[in-house]
Amino acid sequence: MLLCTGTARADIGLNVYGASYHFDRDKARELGLTNEFNPGLGIRWRQGRSPAVDLFADAGFYEDSAKHTAKLAGGGALWHATQRVRLGGGLVLLKSETYNGGAAFIAPAPLAAYEWRRVTVNAVYFAKWRDVNRTNQLGFWLTVWFGD
């Protein structure tokens, strides 16, 4: 119902996935996680919940660190730390042959972003956790906003 009112405004953007960085380089190499160019595409929906917080939902796919196709869907919230800096997190459902023995899983996703008018630079941190994700890494991508 809120989406139908004049005060509700949502933005749609194209996620262009692109890069990752593994902190434990030797362990990543041992596991075959050497691909740090991670092209892919997705979509982001964003709605301002207040002047200081945006809600978002993402869905997409990208080439992961072992060159398998990873599929994702998730959502969360980003706090406006400054006029351009966003900090927050969410939950992501991820499916790839590389992680968790190929079974889908849900992971927490701490996020940081820097916004320009039409483009947002995003970074996510995925922590090492048991055999689900065997290295700590960062992921980077752009969101290109449609409209206005």
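1. Let me start with Arg49: its relative accessibility is 54%, so Arg49 counts as exposed (exposed means over 50% relative accessible area, buried under 20%, and partly exposed in between, with a 1.4 Å probe and protein chains only). Arg49 lies in strand S2, residues 37–50; strands are DSSP runs of E with at least two residues, helices are runs of H or I with at least four, and both are numbered from the N terminus. Trp79 is 30 residues away from Arg49 in sequence, with a C-alpha to C-alpha distance of 10.0 Å.

2. A word on the ground rules: this is a predicted model, where local features need pLDDT of at least 70 and side-chain atom pairs count only at pLDDT 80 or more, while totals for chains, interfaces and linings use all residues. Residues are numbered from 1 along each chain as its sequence is written, and side-chain values use heavy atoms, leaving out hydrogens and water.

3. Now look at Arg46, also placed in strand S2. Is Arg46 buried or exposed? Its relative accessible area is 13%, so Arg46 is buried. Its side chain makes a polar contact of 2.8 Å with the side chain of Glu115 (a pair of N or O atoms within 3.5 Å; within protein, one must be able to donate a hydrogen and the other to accept it, and residues adjacent in sequence count only if both atoms are side-chain atoms). Beyond four places in sequence, Arg46 has contacts (heavy atoms within 4.5 Å) that include Asp54, Phe56, Thr120 and Trp145.

4. On the overall fold, 8 strands close into a barrel, ordered S1-S2-S3-S4-S5-S6-S7-S8 with antiparallel pairing; two strands pair if DSSP finds at least two bridges between them. Between S5 and S6 there are 10 bridges, and Val92 stands opposite Ala107 in S6.

5. The largest nonpolar core has 15 residues, and Tyr62, Leu72, Leu94 and Leu111 have the most contacts inside it. Such a core is a set of buried Ala, Val, Leu, Ile, Met, Phe, Trp, Tyr and Cys residues joined through side-chain atoms within 4.5 Å. Strands S3, S4, S5 and S6 each supply at least two residues of this core, with the largest share, 4 residues, coming from S6. Among the residues that Tyr62 touches are Tyr17, Pro39, His68, Leu72 and Leu94.

6. Finally, Arg29 lies in helix H1, residues 25–30. The side chains of Arg29 and Asp26 are joined by a polar contact of 2.9 Å. Arg29 and Ala66 are 37 residues apart along the chain, and their C-alpha atoms are separated by 9.9 Å.
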